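Subject: Structure handover

Hello,

Here is the structure for you to look through. My notes follow below it.

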Amino acid sequence: NMGGKKEEEEEDKEDEVKEKIENLNLNDNHREKKEDGDDDDNDNDNDNEEEEVKINASDAAAAGKKKKKKKKKKSSSGGNGVKYTPAGAAKEQTAPPTVPVTELFPNGFPEGEIQEYQDNNGKTSWRLDSEEKRELERLELDMYDNARQCAEVHREVRKYIQEWVKPGMKMIDVCETLENSVRKLLNAKGLECGVAFPTGCSQNHIAAHWTPNGGDETIIDVNDVIKFDFGTQINGRIIDCAFTKTFVPDYDELLLAVKEATDEGIKQSGIDVRLCDIGEAIQEVMESHSVDIRGKQFEVKCCRNLNGHSIAPYQIHAGKSVPIVKGGEATKMEEGEFYAIETFGSTGEGYVYLLLLILFLFCFFSMVFL
């Protein structure tokens, strides 16, 4: 019996041990499941956080795009980058100018400055009151319209170049920009309309008629005095006009002297006026000026061997010269003629020498003495 009891007790102990082991396994399994559940919850939380970050980032990007759309780009290019509307125009002109003037002025071009004729007593000329003369004037309206269109193109291109050109630019680049602008504004068509002659851009001691050839590397300097001379034409009717460009205030008084002399020459011009009288009036105004340049005083002089000139269809110099000093020809201006009143002021001798002639003589004498 004692042996049987011991066996029963041992079996009971083994059962208790098994139950404890099972309980321990159950607890371990429960803990693992709980930890797995916590991990899943954490993963879900992290996923939610990532989704929120992505959503917030996309919202920020969308908001940034919306803000960018609201920003407006500058509506111009080149030069000062500013569009403007010419006086009386129906729309804006670009910078550089590209809109043809026929689109800006569909109802007719600006008349420009009109000088009234005066007789010897200072009274208005009978030509303005004559019905016959007014009718003859009306017959020429198409020709006037061509001339005024050319003048408006010249005015707009001139305005742009004056503001745009800067030291450091190549002279040939400036000339090409100028001439391309003329072609665009006129809708150039061969000899029918376009650039009237090669652009002159004469520096400093060179008075006129210099223009760069292809490949020229001439650079504009800050101390340069440059004379830009260019023309426009429609059906051979030429507008010839020039302006002087400087980049420092030292030459302002010299430019003023030349401008006032030019204005006086235009004022004195008219039918039956003698060319020599115009030259005398120009010289009187020009040489009444003295200028101070960098602390040194100069008397302004007219370049006496340079002149203005008459203009005919497809002919820039048509035979008559308008002097800028007294003592010239007594030839009169006639009805129906076009003229370019050109003045040249200088702080030098007031006389222009041909550069090619000087070079020829220098080479000739060099060869003789060698």
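**The S8 sheet**

Strand S8 (residues 308-311) and S9 pair in the antiparallel sense, over 2 bridges. Two strands count as paired if DSSP finds at least two bridges between them. Strands (E, at least two residues) and helices (H or I, at least four) are DSSP runs, numbered from the N terminus. His309 has Ser321 in S9 as its bridge partner. The open sheet here has 3 strands, in the order S9-S8-S10, with antiparallel pairing. Strand S9 (321-322) and strand S10 (338-340) stand at the edges, each with a single partner strand, so one side of each has no neighbour in the sheet.

Before you read on, note that this is a predicted model: local features need pLDDT of at least 70, side-chain atom pairs count only at pLDDT 80 or more, and totals for chains, interfaces and linings use all residues. Residues are numbered from 1 along each chain as its sequence is written, and side-chain values use heavy atoms, with hydrogens and water left out.

Ala312 is in the loop between S8 and S9. Ala312 counts as buried because its relative accessibility is 18%. The cut-offs are under 20% relative accessible area for buried, over 50% for exposed, and partly exposed in between (1.4 Å probe, protein chains only). Leaving aside neighbours within four places in sequence, Ala312 is in contact (heavy atoms within 4.5 Å) with Gly236, Ile238 and Ala318. Ala312 and Phe338 are 26 residues apart along the chain, and their C-alpha atoms are separated by 6.8 Å. Arg237 lies over the face of Phe338, at 4.3 Å from the ring centre. For a charge to sit over a ring, NZ of Lys or CZ of Arg must be within 6 Å of the ring centre and within 35 degrees of the ring normal.

Is strand S3 (residues 226-234) mostly covered or mostly open? Mostly covered: 9 of its 9 residues are buried.

- Strand S1 (residues 193-195) runs antiparallel to S3, joined by 3 bridges. Gly194 has Gln233 as its bridge partner.
- Strand S2 (residues 200-203) is also antiparallel to S3, with 4 bridges. Gly200 is partnered by Asp229.
- Strand S4 (residues 237-245) is antiparallel to S3 and joined to it by 9 bridges. Phe230 has Cys241 in S4 as its bridge partner.

S3 and S4 form a hairpin with 2 residues between them. Asn235 in the turn has a positive phi of about 50°.

**Gln233**

Gln233 lies in strand S3. It counts as buried, at 6% relative accessibility. Its side chain reaches the backbone nitrogen of Asn235 at 3.4 Å. Not counting residues up to four places away in sequence, Gln233 touches a list of residues that includes Cys150, Leu186, Cys193, Ile238 and Tyr314.

**Rings**

The structure holds 4 aromatic pairs. The rings of Tyr160 and Trp164 have their centres 5.6 Å apart and their planes at 15°, so this pair is stacked. Rings of Phe, Tyr and Trp (its six-membered ring) pair if their centres lie within 6.5 Å; planes under 30 degrees apart are stacked, over 60 edge-to-face, and the rest tilted. Tyr160 and Trp164 both lie in helix H4 (residues 141-164), 4 residues apart, about one turn of the helix. Tyr160 is buried at 7% relative accessible area, and Trp164 is buried at 17%. Elsewhere, the charged end of Lys159 sits over the ring of Tyr84, 4.8 Å from its centre.

**Whole chain**

The chain has 8 helices and 11 strands. Of its 370 residues, 31% count as buried. Among contacts between residues at least 6 apart in sequence, 62% join residues at least 24 apart.

Best wishes

Conventions:
A polar contact is a pair of N or O atoms within 3.5 Å; within protein, one must be able to donate a hydrogen and the other to accept it, and residues adjacent in sequence count only if both atoms are side-chain atoms.
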